[in-house]
Amino acid sequence: MDDPELLAERFEAHRGHLRAVAYRMLGSLSEAEDAVQEAWLKLSRSDTTEVANLGGWLTTVVGRVCLDMLRSRTSRREDPLDVHEYAHVPDPVVSRADRADPEHQAVLADSVGLALLVVLETLPPAERLAFVLHDMFAVPFDDIAPVVERTPAATRQLASRARRRVQASPPPEPDLGRQRQVVDAFLAASRAGDFDALLALLDPEVVLRADTGFVTAGAVKPLHASRVVRGARTVVEQALTFSRFSPYARPALVNGAMGLVTAVDGQTFSVMHFTLRDGKIAEINILADTDRLNRLELPALDG
C-alpha cells in the first residue's frame, strides 16, 4: 500500500467508525478527532503491507491512543476524585428534535446515550478500553490484550467488571414519543414554577449532574464548580432556579434522546439530557460550561 492517495482513501472509509470508537472512549468530540488524526499519522508512517484487516488494525491503534489520553488525564489530576460526585458531563451530540443531523450519524450509530458515557467516565482506563472495544465493537480479546498489556483472560475480566458497572443501571426509556411528552411537561412546569408538577415527573432517587466547568476567581488554582444533586425535592429546587431561562429552552435530540438546549441571541448557555426509567426522569445531565459549548458545533433550533 505505497500509493498515498489510495492509503488516504482507505483511511477515510474507516474515519466514521474510528471517530465513534474514540468518542465512546473519551467522551470528547474534539479529543476524538485528535485521536483519529493521530491514527492517520501512525498509519502514514507504518508499513501495512502485511495487514490483512486494516479496519481492525486502525481500531486497535485508536484504542491505544485513547488509552494513553485517558491515562494522561488521570495523571494530571492532583487530588483524588470521588467519581460518584464529580459532575463531569461528556460532550453531547445535539441534533434537531425533528431529525438527526447526518454529520452526527457515525457518532450516533449505536445511539450511545449520555448516561452510558457518564458511567464509562467512572471506569479505569483499561476497563473502559476493554468494554468499549469488545462489547461495543466486537473486537476479540486476543486483539485487545496487547493494548492493555494483559493476557486475553485478564482482559476478559476487565471487560466483565466494566459490564457489571454498566448493567447496574436499568435500561432507559427507548420510546422517543414518551420521552418528548415528559420533557415537554418538565419544560412547562419549569416555566410555570410549578413545584408539585415537577416533583411528579421525577423518580424519587433522581440524580442531577451540572457541569459548569472551572472557576478561577479567588482560587489559587482552577476549581471545578460542577455539582451532583440527588433526590427529587432537591432536584426540583435546582430546576426552579432554571425557570428564568426556561423561555429560551428548545427541545432537541441529545445523543439520540430528548433533551433541551437553552440559547439566547445565538449564545448557548446549556444542554440538558434526560434519562427516563419507568416513566419518570431518573437522571438529568447538564453541560453549562460555556467554553466547551462554544467549541461544539450545535445546530440552529427553531424558536
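In the predicted model, 7 strands form an open sheet with mixed pairing, in the order β1-β6-β7-β8-β9-β2-β5. Strands β1 (94-96) and β5 (227-230) are the edge strands, each pairing on one side only. From one strand to the next, the twist averages 30 degrees.

Strand β9 (residues 280-287) lies between β8 and β2 in the strand order. With β2 (residues 202-211), strand β9 runs parallel, and 6 bridges join the two. Within this pairing, Arg209 stands opposite Asn285 in β9, and Ala210 is placed opposite Ile286 in β9. With β8, by contrast, the pairing of β9 is antiparallel and extends over 7 bridges. Here Arg277 stands opposite Lys280 in β9. Strands β8 and β9 form a hairpin in which 2 residues separate the strands. Asp278, in the turn of this hairpin, has a positive phi of about 55 degrees. In general, strands of a sheet pair through backbone hydrogen bonds, in either the parallel or the antiparallel sense.

Strand β9 is mostly covered, with 7 of its 8 residues buried.

Conventions:
Residues numbered from 1 in each chain as written. Predicted model: local features only at pLDDT ≥ 70, side-chain atom pairs only at ≥ 80, totals over all residues. Heavy atoms only, no water. Pairing = 2+ DSSP bridges. Helix = DSSP H or I, 4+ residues; strand = E, 2+ residues; numbered from the N terminus. Axes fitted to C-alpha atoms, helices over the stretch in contact; angles between N-to-C directions. Buried < 20%, exposed > 50% of the residue type's maximum accessible area, 1.4 Å probe, protein only.
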